[in-house]
Every structure is written in C-alpha cells, then in structure tokens.
Amino acid sequence: MVLDKDTAKKTAELLLQINAIKLNPKNPFTWASGWKSPIYCDNRIVLSFPPIRNYIRESMAKQIEREFGTPDVIAGVATGAIGIGMLVAEYLGLPFVYVRPEPKKHGRGNQIEGFLDRGQNVVVVEDLISTGKSSLNAVTALKEHGANVKGMIAIFSYGFDLAVENFKKEHLDLHTLSNYEFLLEQAIDTNYITDKDLDTLKNWRVNPADWNNTSKV
C-alpha cells in the first residue's frame, strides 16, 4: 500500500484540525479493548464538517476508482463507516449497503442491510483500521453472501503489525487516505505535540497492547 503523500498529509491536517484525532500522551485514553493509548481517533466527527467530509469522500472515491476500478456496490462497516460510505457511494453514483457486526436477532436476521446480489463486485469503506478484526468480519459476511470483495479503503490506519498480518492472511487489498506516520509528522510540524510527546507516541506504536504511560513527557 503506497499512500499519496499530499492526500495523506492533508487528511492528517484536517483530522487534527477538527479534533477527530486527539493526541494526549500525558493523560492516555482507555480503548474499549482495555488498551491504554496516547491517541484516540473518532472519524465520525468528519460528518459534521461539510467541506472536510466532501474532501474525504472525493479523495476516497478517486482512490477507489484508481485502485479497484468502478465496483458494483459500496459497502460501509457499521457503525463508524455508514455515513462516509454512503457519501462515497453517492459521489460515485453506486448502490450502498452496510454490514452489521453480527446478524440481527429479530426480524429477518440481516447482517447486510440493503440490496446485494451474488457475484457483485464490492469495495468496503471503513473509517478506521486498528487490528482489522471488525473490518475483516464485515468482509467475511460479504463473501458468505456471495459478493466479490475487491478490497477496502479507510480514512486512517494505525498501521499495527497485527492488522498487516490479518489483512495478509485474508489476501485483502487495503488502502488508506492517511496513517500514523503522516499524523505524527503533521502533529510535530504544526507544534501540536512536542519532541518528548513524539517519543512517547512512537514507543506506544511499537507495542500498544503492553504500553503504559510510565515515561515522563
């Protein structure tokens, strides 16, 4: 996966600008997984800023066409990527579906919401890639439904080794607008963080599961 440098830097700049990504090495966040982290990412905030969401949707749409051609359907991963996935589909003039984490326990028991025919080419849209587990769960559901999953595109990735391995095992092509390296570069260039903060953020990235904020920053 080779990122477009201008897009990666611009995306990182915009996410920091609206606090979609928050960096706080001194007071780390606690993720749902229990990990302690000096960074927290909530890309759904993008939807509240029209100029920025338009930049994100157009950048994702163009990258989809460049990397995968024009698919039959765009699929968003619930819940974080439903909004941006629908915007991308609208921009491309394509049908849209979204994938739940698991089938509903009532009604028709759907895991995939929307019309998707067997054999259709699908590109999956995500807002964020951490370990890749939930993203690949959606891909599995689409394949079991009979879809031909061409690949996935996300706004941002932490670039964890675990995620790289998970996508490699599934032979799935992943592309992102920006990533952790570009984020740190943008944060230091704009004095959003200090050099000491940068060291802490780099150390966390090496082993996030066991990281704790014992270093002085």
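Start by selecting S130, which sits in the loop between β8 (121-129) and α4 (133-144). Keep in mind that this is a predicted model. UniProt, in an unreviewed entry, marks S130 as a "binding site".

Now show what surrounds S130. Leave out the neighbours within four places in sequence. The contacts of S130 are then Y158, F160 and A163.

Move on to residues 73-99. The unreviewed UniProt entry lists this stretch as a "transmembrane region". Switch to cartoon view: the stretch is 41% helix and 33% strand.

Next, select two helices: α2, residues 50-68, and α3, residues 82-92. How do they pack? Two numbers describe such a pair: the angle between the axes and the distance between them. Here the angle is about 65° and the axes are 9 Å apart. The crossing of α2 past α3 is right-handed.

Finally, show side chains where the helices meet. On α2, select R53, I56, R57, E58, M60, A61, K62, I64 and E65. On α3, select I84, L87, V88, E90, Y91 and L92. What is the make-up of this contact between α2 and α3? Nine of its residues are nonpolar and six are charged, with no polar ones.

Notes: Residues numbered from 1 in each chain as written. Predicted model: local features only at pLDDT ≥ 70, side-chain atom pairs only at ≥ 80, totals over all residues. Heavy atoms only, no water. UniProt positions renumbered as here; feature names shortened; annotations may be inferred. Helix = DSSP H or I, 4+ residues; strand = E, 2+ residues; numbered from the N terminus. Contact = heavy atoms within 4.5 Å. Axes fitted to C-alpha atoms, helices over the stretch in contact; angles between N-to-C directions. Left-handed = near helix turned anticlockwise from the far one by under 90°. Nonpolar A, V, L, I, M, F, W, Y, C, P; charged D, E, K, R; others polar.
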